Amino acid sequence: MSYTVILGIILSLSGALCVFMSPVISKKLNLSENVKCDFDKEMTEEEVHNYKEMKASVNVKMAGMLLLLPGLIIVLISYN
């Protein structure tokens, strides 16, 4: 195995872990506190809280995908 394959696998695994653990990561780091909701007057307090938690979780998933995709591309290129 070359170093590029190892690098790609490490990036892919860390990205996949970030994607699958996103609800836990966002709750542990309290990321929902920093999320802004423009239409909070139209929803109840519980709906706003759920919206903020879900949006924080999606933001963490997007960051995980930014790690996952380059790792997969590196692995695919190095095996060809």
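I looked up burial first: of the 80 residues of the protein, 25% count as buried (under 20% relative accessible area; over 50% is exposed and in between is partly exposed, with a 1.4 Å probe and protein chains only). I note that this is a predicted model, in which local features need pLDDT of at least 70, side-chain atom pairs count only at pLDDT 80 or more, and totals for chains, interfaces and linings use all residues. Residues are numbered from 1 along each chain as its sequence is written, and side-chain values use heavy atoms, with hydrogens and water left out.

I then read the secondary structure, which comes to three helices and zero strands (DSSP runs numbered from the N terminus: helices are H or I of at least four residues, strands E of at least two).

I checked the span of helix H3 (residues 45–79): its 35 residues should span 51 Å at 1.5 Å a residue, and the end C-alpha atoms are 51 Å apart, which agrees. The expected span is 1.5 Å times one less than the number of residues.

I listed the buried residues of H3, among them Ala56, Ser57 and Val60. The buried residues of H3 pack against helix H1 (3–20) and H2.

I turned to serine 26, which is placed in helix H2 (residues 22–28). Serine 26 counts as buried because its relative accessibility is 5%. Leaving out residues up to four places away in sequence, serine 26 touches Leu31, Ser32, Ala56, Ser57 and Val60 (contact means heavy atoms within 4.5 Å).

Lastly, I recorded that the C-alpha trace spans about 55 × 20 × 15 Å along its principal axes.
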